[in-house]
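Open the model in your viewer and get ready to select residues by chain and number. We will take it one stop at a time.

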Amino acid sequence: MARMKFLLDAKRCIECNGCVTACKNENNIPWGVNRRRVVTIDDGSPGERSISVACMHCSDAPCKAVCPVDCFYVTDDGVVLHDKDICIGCGYCFFACPFGAPQFPKDGAFGDRGKMDKCTFCAGGPEPDNSAAEYQKYGRNRLAEGKLPLCAEMCATKALIAGDGDTVADIYRERVAYRGAAGLSWGWGTAYGGRQRRARGVDNKTSSQD
Amino acid sequence: MQTIGHYRSMIGVMLLLLAMVMLVPLAPYALAYVQGGGGVANPGADLWRDVRQAIPGDSQVQGVDAGTLISARGEQWRQYRMEKLAPYSAAIFAGVIGLFVLYFLIRGRIRIMAGRSGRFIRRYTVADRWIHWFMAAVFLILMLTGLVLLYGRWVLIPWLGPEGFSATAAFCKWAHNLSGLLFILAVVLMFFAYLREARFKFKVDSVWFLRAGGYLGGKHPSSGKINAGQKAWFWAVVIGGALLSVSGLALDFPAFVQSRELLQDAHLVHTLTAVFVIAFFFVHIYLGAIGMEGSLEAMTRGTVDANWAREQHDLWYEEVKDQVEDAPPDAGAVSAADVASPRTDA
């Protein structure tokens, strides 16, 4: 069984925000909610890098651990999903998530949180695959159609890769070997490296791992 | 004399040369340090350092903390809530309740030693009691709904199922957020209503604390209208209430307080204070309603038995003993408090 992961190659990302647009369009996401965003560090300075980030579908997901109503579940593909019928919009997943993935539509007075929305790895939710209810709540279920997340599919420079972790790592390792530079992927230590690393804020370059 | 001077200057010069020889190779490092990294910039290392330290970048997405890539504090908050707050608070509550069960089994109900005199003294006005029971009602709602949100996942989901508990938790969140606003009002009212009586008087109150209020043996230490333990409870409610109110407002209105760091801090303050105040609340319930004969009616009927006052609040009794009445003074006029809590004849 595959273990789905995102990998962002910071040497390739050009901050075109194509992934953000693709995600919003494919999943029909309301205003104010962004499942994916591109962050540019040192914008305009030497060493500027851009990184596209969404839910990384962590191995030991903090959102799932802290949820007071236990609305998260992990699919056989390692995708972390949640049930909006159970979610109460408390915001605890947002407190705990290292990547800032959980989003909340403003739902009432004083910015009261609605039901949480986040990247589904284009895998929908608990409703029947590709049903209207699933699309309305979670967006497209591309995985059920045998396709990968549209953000990665759309990426013009293939900086963002999505798919089985082993395959993704192989592609990346090959790139690093050819270009002869240190890896500039990111986030895997935090997402898949377990809790000790996450607690220390340690991240790693994946070139030496997996 | 001259030779010694020569030797001195020779040794001095040699030491100086030695120091220079040792320090010169460090010059480029010093220069690089002054220039802030110098010419050996490592973009990769700089990038990961920034990411690790959660130095925000720029993003086209306008969202809360959108520029931050990795926030390591989330994991610390998770560990606090799941591995410290939940188990330790449960242990503290169970411990306090367990101690009181044990105390009750050993000591039983503490009776009015001289028995009831059948004569009464006014203790709390209708306003005092209204404020007390208003606070009590709001506090109970907040405590129960808060504990449901903390422990419900383990305690209630097996019982109510995921859908049932989701509805319960959604209601609890809503009730908690709304009654939190009433709680602020209750804290303010309580502060002004009881402040005059609740100021510590060192002489009397230190003795009361040293003798643990007489609960562990010995007779009741002297006390005024409010004993030192009750004063401590008042200040726990007022100071704890202020902390709970400020942190609660931050958590209640995500439109105004949005950063994760602030929300995590607010949650930390809110929960630590709540655990302390709830544990103290158990003490209050036991002493006020269960463990002591004749105490509860002070808050329900507003009057106490004269003998109770003489034994438990001797200094106050001395002040008011000429106001002892033969029948409960406003037997017909206390319905307001009695609505909030049914009359309990101890």
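## Where the chains meet

Start with the contact between the chains. It takes 49 residues from chain B and 45 residues from chain A. Keep in mind that this is a predicted model.

Now look at the side of chain B that touches chain A. Select helix H3 (43-52), strand E1 (58-59), helix H4 (73-107), helix H5 (126-155), helix H6 (157-198) and helix H9 (260-290) of chain B. Each supplies at least two residues of that side. Colour the residues of this side by type.

Next, select strand E2 (residues 37-41) of chain A together with E1(B). The two strands pair in the antiparallel sense, over two bridges. Zoom in on A:Thr40. Its bridge partner in E1(B) is B:Asp58.

## Into chain A

Select strand E1 of chain A, residues 4-8. Is it buried or exposed? Five of its five residues are buried, so this strand is largely enclosed by the rest of the structure.

Show the side chains. In a regular strand, side chains alternate between the two faces of the sheet. Here A:Met4, A:Phe6 and A:Leu8 point one way from E1(A). A:Lys5 and A:Leu7 point the other way. All of them are buried.

Which strand pairs with E1(A)? Five bridges join it to E1(A), and the two run antiparallel. Check two positions:

- A:Met4 stands opposite A:Asp164 in E6(A).
- A:Leu7 stands opposite A:Ile161 in E6(A).

Four of the five residues of E6(A) are buried, so E6(A) is also largely enclosed by the rest of the structure.

## The nonpolar cores

In soluble globular proteins, nonpolar side chains tend to be buried together. The largest nonpolar core here has 78 residues. Select A:Leu8, A:Ile51, A:Cys93 and A:Leu160, which touch the most other members. Then select helix H3 (residues 92-96) of chain A. This helix gives the most to the core, with five residues.

Stay on A:Leu160 for a moment. Leaving out residues up to four places away in sequence, A:Leu160 touches A:Phe6, A:Leu8, A:Cys19, A:Ser52, A:Cys151, A:Ala152 and A:Cys155.

Last stop: another core, of 18 residues, lies apart from the largest one. Select B:Phe183, B:Ala193, B:Ala274 and B:Val277, which are among its members.

Key:
Residues are numbered from 1 along each chain as its sequence is written. Chains are lettered from A and ligands numbered from 1 in the order in which they are written. This is a predicted model: local features need pLDDT of at least 70, side-chain atom pairs count only at pLDDT 80 or more; totals for chains, interfaces and linings use all residues. A residue is buried if 20 or more other C-beta atoms lie within 10 Å of its own, exposed if 12 or fewer, and partly exposed in between; C-beta atoms are placed from the backbone. Two strands pair if DSSP finds at least two bridges between them. A nonpolar core is a set of buried Ala, Val, Leu, Ile, Met, Phe, Trp, Tyr and Cys residues joined through C-beta atoms within 7 Å. Two residues are in contact if their C-beta atoms, placed from the backbone, lie within 7 Å.
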